[in-house]
Amino acid sequence: MQAFTVHKGIVAPLDRSNVDTDAIIPKQYLKSVKRTGFGPNAFDDWRYLDPGEPGMDHSQRQPNPDFVLNRPPYDQATILLARKNFGCGSSREHAVWALTDFGFRAVIAPSFADIFFSNSCKNGLLPVVLAEDEVQNLFEQVEANPGAQVEVNLEEMTVTAPDATVFRFTLDEDRRHRLLHGLDDIALTLQFADDIRAYEERLRQERPWMVE
Amino acid sequence: MAGKTLYDKLWEAHVVREEPDGSTLLYIDRHLVHEVTSPQAFEGLRLAGRKPWRGDSVLAVPDHNVPTTNRDAGIEDPVSRTQVETLESNVSGFGLKFFPMADVRQGIVHVIGPEQGATLPGMTVVCGDSHTSTHGALGALAFGIGTSEVEHVLATQCLWQKKTKAMQIRVEGELRPGVTAKDIVLAIIGRIGTAGGTGYAIEFAGSAIRSLSIEGRMSICNMSIEAGARAGMVAVDEKTIEYVRGKPQAPTGEMFERAAEYWRTLVSDPDAEFDAVVELDAAEIAPQVSWGTSPEMVAPIDGRVPDPAAESDPVRAEGMQRALEYMDLKANTPMTEIRPDKVFIGSCTNSRIEDLRAAAEVVKGRRKADNIKLAMVVPGSGLVKQQAEQEGLDRIFLDAGFEWREPGCSMCLAMNADRLEPGERCASTSNRNFEGRQGQGGRTHLVSPALAAAAAVAGHFIEPSELEG
């Protein structure tokens, strides 16, 4: 996993609540058996005027000129700003892969759906929760000054707005540690293989029907 | 000290290791796998030279991509076919239990888990699918995970989790005739919102929940995620135990009785404390129809499409306005004047035998209305289909002009050929009405099986009791 320490970049304002994972990556792209290549289809239904199917040549598609990620400088954005309950719906990790493949390193919103939040942390895409008024403040600054950059600092757990205002966020220590160091979860867990085996031994004694 | 909630008990029984900050290594008993969210996990496993920790905990099935017609011809779409074949090669490579498309036990992963007794009370159940919460209806801790977590569970049989808060949703009293489990859960989501349960595990309780069958409880737990909660659950009672008895993978004989004794402890203690409690009066719940593009946008069948102008929160009003535009609906339209083009009865929410019986009861002796271009019934599994055919339900649907299909996820998310065309409106027993969910530009109204059937007959939304003839 790519580590996340400090990132500064252009913020794309996506002024919607309840952005669901079907919107982030529509179902037809979930047929891929790979982890990469989803970026061109991030927000496909909103981003293009023609219906998208896997394998299409993107240079031949009709971009929706009104969609934020099609408008420079937001096509270069690396931080996404949205309203509450971002990432609700399906558990598809493809939604996170689509955002990272597009180039996003962080998403700032007042709240996130639980599964998206967890998936995000496992792929080096930092979900940043700020208060609703702070998010509103960022929307106003970014919209008044397109292309304005924001700095997200996971070490300090701060977001520095274009006007230099500093907002604080929190992330549980375990997730923060893994993100800061880009750690492989499975290797860490397997250090506790003996604990898992001991648990299974207890399970066989106490609830044998659970272990076939 | 306060007693324990059901969630406390399920959680504590699965703790392998707890770190000082509360991060917990939680043991997973059952891992359900389907073709869409697993290929990258198996690939990761192989690249790292790892093997499944406990292969016998896995049950795999293709459901999202499978066609619901002409199965003998295989899967026409080459991309879908590759994904299903990838699952087949992964399960055979690692020696995992698998029901291929041609097996009568194949079906939607959340239908076949309980049907096979693969999911049991007291288990932790995960799947790379947000509707895994369904299995909580059996008194299990069941939740959806992403693909990285699928790989983690395959490799370690565990997940790192932090205990969430516990919410109790109590539905007390007697339901009005014609009000179903689906209406209860839609009413709950309408009340608490799609983020109302975020950060919580929900226990559904109260006399109206206890009065439901296990299948009805599954429909409710299924949509916990639409209320924002990863897990939903119902305490074990005698109905749970009788449901499990005799299922193919359930314990038998003395072992069953020993298990049942444990399962009976899987209830919240009377003095358990919840972090939040929500109460609904069952008698006040009407049949529900969704009008917007989020499952919280619901109205009673005798109600009207709401007016964004009457909403005080500007962000919310804008969301409502956008939804009405997408749905091509006008504020204040009576719900009964909305006319679908298609009807879909199926999905992990509502494709079990009782759902099909409820729909068939409405349809029996009637015909699909002329404005309904397609009314399709997609059973949740091959075994549900078989049972329905033994009861003659297929004839009832076919005689009424419905289509009777093969089992799978189908038009709930339209990954196979079953989908809405742009602008088409659908009465659907599924769980999500997001933009484009059932096909790009498609418009979804979430309803119960009985209401979907009634809409197919009348050509517009209507209470089944008001149908003529």
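This is a predicted model: local features need pLDDT of at least 70, side-chain atom pairs count only at pLDDT 80 or more; totals for chains, interfaces and linings use all residues.
Analyst: A residue counts as buried here if 20 or more other C-beta atoms lie within 10 Å of its own.

User: Which are the buried residues of H2(B)?

Analyst: In helix H2(B), the buried residues are Pro39(B), Gln40(B), Ala41(B), Phe42(B), Gly44(B) and Leu45(B). These buried residues of H2(B) pack against H3 and H5 of chain B, and just after the helix Gly49(B) takes a positive phi of about 70 degrees.

User: How should I read the side of chain B that touches chain A, and how many residues are in contact?

Analyst: In general, the size of an interface is often given as the accessible area lost when the parts come together. In this model we count contacts instead: 57 residues of chain B are in contact with 46 residues of chain A. On the chain B side, the elements that each supply at least two residues include strand E1 (15-18), strand E2 (24-27), helix H2 (39-47), helix H3 (78-94) and helix H5 (147-156). The most comes from H5(B), which gives 6 residues to the side that touches chain A. By class, the residues on this side of chain B divide into 21 nonpolar, 25 polar and 11 charged.

User: What divides chain B into domains, and where do their bounds fall?

Analyst: Bounds of this kind come from an automatic or database domain assignment. For chain B they give domain 1 (6-161), domain 2 (165-236 + 268-284) and domain 3 (288-466). The centres of domain 1 and domain 3 of chain B, taken over C-alpha atoms, are separated by 28 Å, and 21 residues of domain 1 of chain B are in contact with 22 residues of domain 3 of chain B. On the domain 1 side of that contact, helix H4 (residues 109-116) of chain B provides the largest share, 4 residues, while the classes on this side are 6 nonpolar, 10 polar and 5 charged residues.

User: In which order do the strands of an open sheet such as the one with E17 and E19 of chain B stand?

Analyst: The order is E17-E16-E15-E18-E19 in chain B, an open sheet of 5 strands with parallel pairing. Strand E17 (403-404) and strand E19 (443-446) of chain B stand at its edges with a single partner strand each, so one side of each is left without a neighbour in the sheet.

User: Which way do the side chains of strand E15 of chain B point, and are they buried or exposed?

Analyst: From strand E15 (residues 342-345) of chain B, Lys342(B) and Phe344(B) point one way and Val343(B) and Ile345(B) the other way, and all are buried. E15(B) pairs in the parallel sense with strand E16 (residues 374-377) of chain B over 4 bridges, with Phe344(B) standing opposite Met376(B) in E16(B). The path from E15(B) to E16(B) runs through helix H12 (residues 353-363) of chain B, and this β-α-β crossover is right-handed. E15(B) also runs parallel to strand E18 (residues 425-428) of chain B, to which 3 bridges join it, and there Lys342(B) stands opposite Cys426(B). Further along, E18(B) and E19(B) pair in the parallel sense over 4 bridges, where the partner of Arg425(B) in E19(B) is Arg443(B).

User: What is the strand order in the open sheet of chain B that holds E5 and E7?

Analyst: That sheet of 5 strands has the order E5-E4-E3-E6-E7 in chain B, with parallel pairing. Its edge strands are strand E5 (97-98) and strand E7 (141-144) of chain B, each pairing on one side only. Within the sheet, strand E3 (residues 30-33) and strand E6 (residues 124-127) of chain B pair in the parallel sense over 3 bridges, and the bridge partner of Arg30(B) in E6(B) is Val125(B).

User: How many helices and strands are there in chain A?

Analyst: Chain A has 8 helices and 7 strands, and its C-alpha trace spans about 65 × 45 × 25 Å along its principal axes. Of the 212 residues of chain A, 44% count as buried. The domain assignment gives domain 1 (6-181) and domain 2 (184-212) in chain A, with 36 Å between their centres, taken over C-alpha atoms.

User: Which feature does UniProt place at residues 1-132 of chain A?

Analyst: The UniProt record, an unreviewed entry, places there the feature "domain: Aconitase A/isopropylmalate dehydratase small subunit swivel". In this model, the end C-alpha atoms of residues 1-132 of chain A lie 30 Å apart, and the span is 20% helix and 16% strand.

Terms used
Residues are numbered from 1 along each chain as its sequence is written. Chains are lettered from A and ligands numbered from 1 in the order in which they are written. Two residues are in contact if their C-beta atoms, placed from the backbone, lie within 7 Å. Ala, Val, Leu, Ile, Met, Phe, Trp, Tyr, Cys and Pro count as nonpolar, Asp, Glu, Lys and Arg as charged, and the others, Gly among them, as polar. UniProt positions are given in the numbering used here, feature names are shortened, and annotations may be inferred rather than shown by experiment. A residue is buried if 20 or more other C-beta atoms lie within 10 Å of its own, exposed if 12 or fewer, and partly exposed in between; C-beta atoms are placed from the backbone. Two strands pair if DSSP finds at least two bridges between them. A crossover is right-handed if, with the strands pointing away from the viewer, the path from the first strand over the helix to the second runs clockwise.
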